[in-house]
Amino acid sequence: LSRSQPPFAAAMVESVFNALQDTLWLRKAYPILSREYAFWQSERQTPTGLNRYGGEADEKLVQEFIGTAGKRLGTDFRQKGWSPEELEAFGRHCVAECESGWDFNPRFNHRCEDYCPVDLNAILYGAERSMARFAGILETGEKELWEDRARVRKERIYEYLMSDGGFFDYDYVGGEPSGVVSAAPFTLLFCGVLDEADAPRVQALLRKLEYPAGLSVCEDAPYEYSCQWSYPNVWPPVMYMAVFGLEKYGFREDARRLAGNWLKATAALYRKTGKLWEKMDCVTGDIPEGSEYGTPSMMGWTAGTYVCLDEYLNNE
């Protein structure tokens, strides 16, 4: 109850509407999606016009994160000589990182609230495009408003998140891009943000992130700390978006290879253990070692991603 999650509600509504074509249901969903969008714009916007993650954490929860995050990351943050205000800020950054779904990762350098994440802003762009479509279908008079919001966000994504030929999370407080190479930019393809000419900038990440069992969520590099949303872990939601994002932009050979390798590795691990798992080691295809809280079994997103990618490969 202290935080949100990546805002996929509009994408889910679009999937349901595409299947059912129920405009009465869509008319009920539309104001709910508008309220969710208003939350992100009022509570999670930055001076760049792009959005960030955050969290409404009370003091008890903040203190809990200071302790538990430190334990998981192998660092006693109370011994760093930080002031009470600095410790509280760190706890709030941890809450924000949990809202991102990537808890924890090296992308935000322990300062999640200070970053405009690539994937969050791609998802919100997708939501704006979906809402423009819904507004047109329902004749709400807001189609151009949503289209303008999407256009402005795309311009700001190019302005702040594109750097050195690629796309990176942006530290709007420090005024510089993150130096961490991650799989988050594949969300730009999945949500249809980029111009066709710029899609190869994301496709090129395969050279740094693709392994026998799938896509590592971060590059194999000596970051300050290790965590589960980093090398060598493969996460099914990221695989899903990468595969369908690559397919959307015409990188079919890459998409099908990536999907096939992950499906084979997932099936092999199931045969070995009799279970599906939350994530996988990108090199060995085994259950990851050294995870912050272990690796839970029988995760719904693993099953769902398996079904979707299997259907994708078997239905031309």
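1. A crossing of two helices is called left-handed if the near helix is turned anticlockwise from the far one by less than a right angle. In this predicted model, helix α2 passes helix α6 in a left-handed crossing, and the axes of α2 (residues 23-43) and α6 come within 14 Å of each other, crossing at roughly 35 degrees.

2. Where α2 and α6 touch, Y30, S34, Y37 and Q41 on the α2 side meet W146, R149 and R153 on the α6 side. Sorted by class, this contact of α2 with α6 is made of 3 nonpolar, 2 polar and 2 charged residues.

3. Helix α6 itself runs over residues 143-161, and its 19 residues reach 26 Å from the first C-alpha to the last, which is close to the 27 Å expected at 1.5 Å a residue.

4. Which residues of α6 are buried? They are W146, A150, R153, I157, Y158 and L161, and because they cover an arc of only 135 degrees around the axis, they lie on the same side of α6. On the other side of α6, by contrast, E144 and E159 are exposed.

5. Helix α2 also packs against helix α5 (residues 118-138), at an angle of about 145 degrees and with the two axes 10 Å apart; here too, α2 passes α5 in a left-handed crossing.

6. In this second contact, T23, L26, R27, Y30, L33, S34, Y37 and W40 of α2 meet L120, L124, E128, M131, F134, A135, I137 and L138 of α5. The contact of α2 with α5 has, by class, 12 nonpolar, 2 polar and 2 charged residues.

Key
Residues are numbered from 1 along each chain as its sequence is written. This is a predicted model: local features need pLDDT of at least 70, side-chain atom pairs count only at pLDDT 80 or more; totals for chains, interfaces and linings use all residues. Side-chain values use heavy atoms; hydrogens and water are left out. Helices (H or I, at least four residues) and strands (E, at least two) are DSSP runs, numbered from the N terminus. The expected span of a helix is 1.5 Å times one less than its number of residues. Buried means under 20% relative accessible area, exposed over 50%, partly exposed in between (1.4 Å probe, protein chains only). The arc is that of the directions from the helix axis to the C-beta atoms. Axes are lines fitted to C-alpha atoms, for helices over the stretch in contact, and angles run from 0 to 180 degrees between N-to-C directions. Contact means heavy atoms within 4.5 Å. Ala, Val, Leu, Ile, Met, Phe, Trp, Tyr, Cys and Pro count as nonpolar, Asp, Glu, Lys and Arg as charged, and the others, Gly among them, as polar.
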